[in-house]
Amino acid sequence: MNQPGLPQVPVAHAFEAPQSPAVGRAPILLLDGIRKSYNLGTPVETEVLHGISLALQEAEFVALKGPSGSGKSTLLNIIGLLEPPTAGRLSIGGQAAESLDDAALTRLRGATIGFVFQFHHLLPAFTALENVLLPSIIAQGTATPEAEAMARELLARVGLKGAEYKRPGELSGGMQQRVAIARALSLKPRLILADEPTGNLDTVSADEVFTLLREFNRDHGSACLIVTHDPRLAARCDRVIDLVDGRLR
Ligand SMILES: Nc1ncnc2c1ncn2[C@@H]1O[C@H](COP(=O)(O)OP(=O)(O)OP(=O)(O)O)[C@@H](O)[C@H]1O
Ligand SMILES: [Mg+2]
């Protein structure tokens, strides 16, 4: 509220609404002053994230770009609740991460986040179908017929119909990455975090995978934060965030 006589001071708001079709929806992700240091308390202590504030709205589709070593994977791991920040606050779906213990963080991660890693981390002893079903088995204790139908549909949508019973070692790197994407989408997460998901795919496969993430975002309203170096793909996002030397540009 403005009182007469007081100077008009612009309020620096960390959580500005983005210019995208998702404007006006609730934030799925809020970051406030996130910092991350490695080797804390040692002579080689290094701060790699220097106070990141960011909001991602429900159903927003955002590209994260920046030079190698700028902290993109570190930031995604923190948002994915895989490692804690050194300072700052993070909330996902309205839940403040700092108020949760490890078990609650694991539950929040499983219920809300689908993570596509830079390196796929498939389990080599399991088939493609079993790998995609794993999140459902962990969440529900069993693979329901609905979960299996969804897993088969996702594998088909990433171009892997017929590869359901192949193990990761029998698939190319690009195919393995597509299994990892199907796995990340299997529980219809509200927030998809993807760390260079198309980095080791050829152009056609990269386009297909990107289109799949975009369709999933439209069909299910999943917000998506995707690390990409590809300007063509970044141009197809609602918004592009630039991380340089641990700071948002
Ligand atoms: N576990 C760790 N211990 C110490 N330093 C680390 C650790 N993980 C990352 N770093 C450092 O943090 C900085 C950011 O690394 P990060 O992997 O987040 O960058 P990136 O932007 O994802 O790079 P790329 O595009 O190559 O994947 C780098 O200087 C890296 O060496
Ligand atoms: Mg990285």
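**An exposed loop residue, and the fold around it**

N39 counts as exposed, because it has 9 C-beta neighbours inside 10 Å. The term needs its cut-offs: a residue is buried if 20 or more other C-beta atoms lie within 10 Å of its own, exposed if 12 or fewer, and partly exposed in between, with C-beta atoms placed from the backbone.

Before I continue, a word on the source. This is a predicted model, in which local features need pLDDT of at least 70 and side-chain atom pairs count only at pLDDT 80 or more, while totals for chains, interfaces and linings use all residues. Residues are numbered from 1 along each chain as its sequence is written, and chains are lettered from A and ligands numbered from 1 in the order in which they are written.

Where is N39 placed? N39 sits in the loop between strand 1 (27-38) and strand 2 (46-57). Helices (H or I, at least four residues) and strands (E, at least two) are DSSP runs, numbered from the N terminus. The phi of N39 is positive, near 55°, and N39 is a residue other than glycine. As background, most residues other than glycine have a negative phi.

L81 also has a positive phi, of about 60°, although L81 is not a glycine. Its place is in the loop between helix 1 and strand 4 (87-92). Is L81 buried or exposed? L81 counts as buried, because 22 C-beta neighbours lie inside 10 Å.

Let me now turn to the chain as a whole. The chain has seven helices and ten strands. Of its 249 residues, buried ones make up 37%. Two residues are in contact if their C-beta atoms, placed from the backbone, lie within 7 Å. Among contacts between residues at least 6 apart in sequence, 71% join residues at least 24 apart.

Next, the ligand. Which residues are found around ligand 1? They are Y38, V48, G66, S68, G69, S70, G71, K72, S73 and T74. Here, a residue is near a molecule if its C-beta atom, placed from the backbone, lies within 6 Å of it. Helix 1 (residues 72-79) supplies the largest share of this shell, three residues. The shell divides into two nonpolar, seven polar and one charged residue. In this scheme Ala, Val, Leu, Ile, Met, Phe, Trp, Tyr, Cys and Pro count as nonpolar, Asp, Glu, Lys and Arg as charged, and the others, Gly among them, as polar.

An open sheet of six strands has the order 6-7-8-3-9-10, with mixed pairing. Its edge strands are strand 6 (113-116) and strand 10 (247-248), each of which pairs on one side only. Two strands pair if DSSP finds at least two bridges between them. Strand 6 and strand 7 pair in the parallel sense over four bridges, and L191 in strand 7 is the bridge partner of I113. Strand 7 (residues 191-195) also pairs with strand 8 (residues 223-227) in the parallel sense, over five bridges, where A194 stands opposite I226. Strand 6 is covered on both faces: I113 and F115 on one side, and G114 and V116 on the other, are all buried.

Helix 4 has 13 residues and reaches 18 Å from its first C-alpha to its last, close to the 18 Å expected at 1.5 Å a residue; the expected span is 1.5 Å times one less than the number of residues. Its residues A151, L154 and L155 are buried. Seen down the axis of helix 4, its buried residues fall within an arc of 100°, so they line one face of the helix; the arc is that of the directions from the helix axis to the C-beta atoms. On the other side of helix 4, P145, E146 and A149 are exposed. Helix 3 (128-140) and helix 5 (173-185) are included in what covers the buried residues of helix 4.

Why does L154 count as buried? L154 is buried because 22 other C-beta atoms lie within 10 Å. Not counting residues up to four places away in sequence, L154 touches V132, A182, L185 and S186. L154 and V179 are 25 residues apart in sequence and 8.7 Å apart in space, C-alpha to C-alpha.

Helix 5 is mostly covered, with eleven of its 13 residues buried. The cover over these buried residues includes strand 6, helix 3, helix 4, strand 7 and helix 6 (203-220).
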